[in-house]
Amino acid sequence: MQPYNIIKLLDLPDLIATDLLILDDVYVFIAKSKKKEWECPNCGSITDKVHDHRWQNIKDIPIRDNQVIIRIEKKRYCCDNCNSNPFNEDYTSFDKKPRGWNHI
Ligand SMILES: [Zn+2]
């Protein structure tokens with residue numbers, strides 16, 4: 001199964017899996033947001049200008065006794081229009097699963 005299909009299975013509609021690493025009994029999905037343009041929270045302009053990014057590891061519900069970690073490339077965007085502070089992209093996937101998602 002392709003990683004993309006697996007992430008569909010995990011019900012993360014706004015993420016794309018770019019890779020899957022299997023380390024002993026841990027599945028690590030490398031993922032990023034599907035969305036490449038974001039609305040500036042300050043002025044409402046659409047921007048695709050990436051300021052920086054960091055990796056965030058999120059522990060999800062285990063699959064058949066294997067730990068599942070979703071490693072997301074989380075980007076921050078900046079706005080040319082108003083030069084506001086950089087802002088984070090966000091994911092509806094997080095909101096949908098409040099119980100299973102733990103920051104690690
Ligand atoms: Zn702006």
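Analyst: Start with a definition. A residue is buried if 20 or more other C-beta atoms lie within 10 Å of its own, exposed if 12 or fewer, and partly exposed in between. Keep in mind that this is a predicted model.

User: Is Asp65 buried or exposed?

Analyst: Count the neighbours. Asp65 has 6 C-beta neighbours inside 10 Å, so Asp65 counts as exposed. Asp65 sits in the loop between S5 and S6.

User: What share of the protein chain counts as buried?

Analyst: The figure is 14% of the 104 residues.

User: What is the secondary structure of the protein chain?

Analyst: There are 2 helices and 8 strands. In sequence order the pattern reads α-β-β-β-β-β-β-β-α-β.

User: How do I read the pairing of S5 with S6?

Analyst: Look at direction, then at the bridge count. Strand S5 covers residues 50-63 and strand S6 covers residues 66-77. The two run antiparallel and are joined by 11 bridges. Val50 is bridged to Tyr77 in S6, and Asn57 is bridged to Arg71 in S6.

User: Which other strands pair with S6?

Analyst: Strand S2, residues 26-33, pairs with S6 in the parallel sense over 7 bridges. One of the pairs there puts Val28 with Ile69 of S6. Strand S7, residues 87-88, pairs with S6 in the antiparallel sense over 2 bridges. Arg76 stands opposite Asn88 in S7.

User: What does phi tell me in the loops?

Analyst: Most residues other than glycine have a negative phi. Now take the hairpin of S5 and S6, with 2 residues between the strands. Arg64 has a positive phi near 45 degrees. Asp65 has a positive phi near 70 degrees, and Asp65 is not glycine.

User: Where does Asn83 lie, and what is the phi of Asn83?

Analyst: Asn83 is in the loop between S6 and S7. Phi is near 50 degrees for Asn83, positive in a residue other than glycine.

User: Why does Asn83 count as exposed?

Analyst: Apply the cut-off again. Asn83 is exposed because 10 other C-beta atoms lie within 10 Å, and the limit for exposed is 12 or fewer.

How values were computed
Residues are numbered from 1 along each chain as its sequence is written. This is a predicted model: local features need pLDDT of at least 70, side-chain atom pairs count only at pLDDT 80 or more; totals for chains, interfaces and linings use all residues. Two strands pair if DSSP finds at least two bridges between them. Helices (H or I, at least four residues) and strands (E, at least two) are DSSP runs, numbered from the N terminus.
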